[in-house]
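Please open the structure in your viewer and keep the selection tool ready. The stops below say what to select next and what is there.

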Amino acid sequence: MASAHDPFNVEAIDDAMEKMEKEIVDLEAIRKSKAKATAQMAKKIQMLQSRFLALSAEAKREYEQAEVERKKNRKSDGEDEDNIDVRLERIVREVIPSLREAIGEKGRYKNDGGSKGDDDAVASATKNLPISRFLQVADAACIAHSRVNAADLASPRQRQIYSMFKTWLKEEVLGTGGTLQATFEKSFQDSLGLIKWSQSDFKKSLDHHEIPSKHIVDFSSLLDALVTCAVLARLYLPGNTELKGKEEKRGGGEGGILDIPGDILAAPIISRFKFHFLGTRETARMDKPEWAVNWAILTLEQHLHFTRQRGDTAILRAIKRAQAHHSNRRRPEFGAGKGRLASLSTLSLSARITARFIQFVVAEKLLKDLRAAGEENPSLFRHILDHIFVLDSKLRRQILRKNEADIVIREALWDLLIGGGGEDGGESDEAKGTQGG
């Protein structure tokens, strides 16, 4: 019998071999099981792929059949000049009257549910506003304009349709008798309260998703409608003296399609600035221009990210609506204008808000403090002037895009300082229009 200390213990070796053989058998069983599962999985994948390809082929056939049917129907319906005219006439005769029906007295829209108090009235800025119908008519008006504008000799029928849209715009949308645009303006102002625009917790509410998405959608829809009104005015009534006068009062000439929304958005920010830095409050100290400059930059930073995300998209929709049906050769542009701040008409909504606000800050705060300090305190004069340069630098680095900075800063800041604030003694149009705001 082998010793326990025998290095060639046969029994121990046999036991070890048996264990190894058992482990090998177990591993082989596991391998076969996995191979079987892999084969089953591969088979299922192959079946799914075959089913997907079959469904794709079927869907493709259905799409092709639907496309053929659609083209056949369009051809049978006569999708030609006359058919387009018929569709435009239908909009004039059916959709516009439905818009008119939605308008109550004094430009206010009817509330089918009845008045239930102020709380319900502000639940939605677009409550009962037929914005979709208005945009449908606006799209048709752009088509009618493109047809008359593109044709060397438009037919009498096309010119009649064009005239119908022009009459509607002049009498019911724009000008002194235009109740629709005025309603959009009022509703747009109401929408600012719902999204907490210009309030101290505006950015926090956005970051924490505390503002209902419905209110943000209302803001974008109303902005789209307002800019569309301005675009239609440029297309149909470019030489209208009444509209031209209203736009020049706002400082944008004929080309300011963003004047109205820009002024509406800037006004609450201007009102907050007036509260803090004009008057007798401690924050209105003449020797602390940095307070006003820093507040202005911080406030713009907190608000303009939102307008770049939501506002510029709505504006682009309105402009594309007007350009979509025109040929490249006759496509209308929305930029050129006359009068003060005319070049600002080519800028984004964020740059226009900045221009309006900075124009007020310079004319009503910095320029007046500079004049007062120059008479009595040269060191304070230099201190204020230094922070005007700081304002210039921060606007370029933190607020404005490179292609917009020179225009805004020149016309909203340095032209006012060099020109002394204008012939009216430095009081800007924004100051006059926001007294008591």
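Select K196 to begin: it sits in the loop between α6 (179-194) and α7 (202-207). The helices named here (H or I, at least four residues) are DSSP runs, as strands (E, at least two) would be, and they are numbered from the N terminus. The model is predicted, so local features need pLDDT of at least 70 and side-chain atom pairs count only at pLDDT 80 or more, while totals for chains, interfaces and linings use all residues. Residues are numbered from 1 along each chain as its sequence is written, and side-chain values use heavy atoms, with hydrogens and water left out.

Is K196 buried, exposed or partly exposed? Its relative accessibility is 26%, so K196 counts as partly exposed. The cut-offs are under 20% relative accessible area for buried, over 50% for exposed, and in between for partly exposed (1.4 Å probe, protein chains only). Now look at the backbone: K196 is not a glycine, yet it has a positive phi of about 65°. Most residues other than glycine have a negative phi.

Move on to H209, in the loop between α7 and α8. Its phi is also positive, near 55°, and H209 is a residue other than glycine. With a relative accessible area of 70%, H209 is exposed.

Next, select helix α8 (residues 213-236) together with helix α10 (residues 259-277). Two packed helices are described by the angle between their axes and the distance between the axes. Here the axes come within 9 Å and cross at roughly 140°. Axes are lines fitted to C-alpha atoms, for helices over the stretch in contact, and angles run from 0 to 180 degrees between N-to-C directions. α8 and α10 are therefore oblique to each other. Angles under 35 degrees count as roughly parallel, over 145 as roughly antiparallel, 65 to 115 as roughly perpendicular, and the rest as oblique.

Which residues make the contact? Show F219, L223, L226 and V227 on α8, and I260, P261, I264 and L265 on α10. Contact means heavy atoms within 4.5 Å. The residues of this contact divide into eight nonpolar, no polar and no charged. Ala, Val, Leu, Ile, Met, Phe, Trp, Tyr, Cys and Pro count as nonpolar, Asp, Glu, Lys and Arg as charged, and the others, Gly among them, as polar.

Now select L258, in the loop between α9 (241-250) and α10. L258 is buried, with a relative accessible area of 5%. Leaving aside neighbours within four places in sequence, the contacts of L258 include V227, I315 and R352.

Go to L391 in helix α13 (residues 378-399). At 1% relative accessibility, L391 counts as buried. Not counting residues up to four places away in sequence, L391 touches V293, I297, I358, V362, L366 and L413. L391 and V293 are 98 residues apart along the chain, and their C-alpha atoms are separated by 6.0 Å.

Finally, show the whole protein. The secondary structure comes to 15 helices and zero strands, and buried residues make up 43% of the 437 residues. The mean pLDDT (the predictor's confidence in each residue, from 0 to 100) is 77, and 73% of the residues reach 70 or more. Select residues 336-345, where the pLDDT is below 50. Where pLDDT is low, the predicted coordinates should not be read in detail.
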